[in-house]
Amino acid sequence: MTAASSRIAIIVDPALPAGLLANTIAGIAIGLGAARPELGAVALTDAAGRCTATITNLPVPVLQAPAEVIRSLLLKALPAPEEAIVVPFPGFARSLHVFADYVAAFPARDLGTETIDGFGLLGPDKWVRSLTGSLKLLR
């Protein structure tokens, strides 16, 4: 899958308070980037010689949908096509402050019954568009 044929989308529940919304988007974005480091694994140096990491090399639209639509879309996205990535942010994750606890709890949870605050997609353009084409940008 090349960057030209790939698309990213993050879908979140706009009813979340601003801080939880920002945290949800950040967590999903980190998950997508960790799964595909090539999205931004480039070092840049400015004219003064200051080195930084780059931002992503693909646009990242943040879309909105109510919780019930988010869960339905997530379940449609799974199982994901080969090379595609799906990163859910289930609500129960907020009550767990140690990542190992989240990893341990996840297998006992059913995403079909959980509140999903948001999720991210990275995959073939046509697949991502088929799932997100009717959603509005978060504003």
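# Notebook: helices, sheet and cores

**Entry 1, helix α1.** I began with helix α1, residues 18–35. At 1.5 Å a residue, its 18 residues should span 26 Å, and the end C-alpha atoms are 26 Å apart, which agrees. The expected span here is 1.5 Å times one less than the number of residues. Helices (H or I, at least four residues) and strands (E, at least two) are DSSP runs, numbered from the N terminus.

I noted what I was working with. This is a predicted model, where local features need pLDDT of at least 70 and side-chain atom pairs count only at pLDDT 80 or more, while totals for chains, interfaces and linings use all residues. Residues are numbered from 1 along each chain as its sequence is written, and side-chain values use heavy atoms, with hydrogens and water left out.

Next I looked up which residues of α1 are buried. They are L21, T24, I28 and L32. Seen down the axis of α1, the buried residues fall within an arc of 65°, so they line one face of the helix. The arc is that of the directions from the helix axis to the C-beta atoms. The face turned away carries the exposed residues A18, G19, I30 and A34. Buried means under 20% relative accessible area, exposed over 50%, and partly exposed in between (1.4 Å probe, protein chains only). I also checked what covers the buried side of α1, and found β1, β5 and β6 among the elements there. Contact means heavy atoms within 4.5 Å.

I wrote down one general point. An α-helix has 3.6 residues a turn, so residues three or four places apart point the same way.

**Entry 2, the sheet.** I traced an open sheet of five strands. Its order is β5-β6-β1-β4-β7, with mixed pairing. β5 and β7 (136–137) stand at the edges, each with a single partner strand, so one side of each is left without a neighbour in the sheet. Two strands pair if DSSP finds at least two bridges between them.

I then followed β6 to its partners. Six bridges join β6 to β5, and the two run antiparallel. V87 has G120 of β6 as its bridge partner, and P88 stands opposite F119 in β6. β6 also pairs with β1 in the antiparallel sense, over seven bridges. There, I11 is bridged to F119 of β6. I checked the burial of β6 as well: eight of its nine residues are buried.

I turned to α2 (67–77). I70, L73, L74 and A77 are its buried residues. They cover an arc of only 105° around the axis, which puts them on the same side of α2. E68 and K76 are exposed on the face turned away. The buried residues of α2 pack against β1, β5, β6 and α4.

Then I read the loop between α2 and β5. P79 is found there, and the peptide bond from L78 to P79 is cis, with omega near -5°. E83 is in this loop too. I noted that E83 has a positive phi of about 75° although it is not a glycine. Its relative accessible area is 39%, so E83 is partly exposed.

I moved on to α4, residues 125–132, where W127, V128, L131 and T132 are buried. They cover an arc of only 110° around the axis, which puts them on the same side of α4. K126 and S130 are exposed on the other side. The buried residues of α4 pack against β1 (6–12), β4 (62–64), α2, β5 (85–90) and β6 (116–124).

Which residues have the most contacts inside the largest nonpolar core? I found I11, V86, F119, L121 and W127, in a core of 18 residues. The elements that give two or more residues to this core are β1, α2, β6 and α4. α2 gives the most, with four residues. A nonpolar core is a set of buried Ala, Val, Leu, Ile, Met, Phe, Trp, Tyr and Cys residues joined through side-chain atoms within 4.5 Å.

I listed the contacts of I11, not counting residues up to four places away in sequence. They are L63, A65, I70, D117, G118, F119, L121, T132 and L135. I also found a second, separate core of 17 residues, which includes L39, I85, V87 and Y102.
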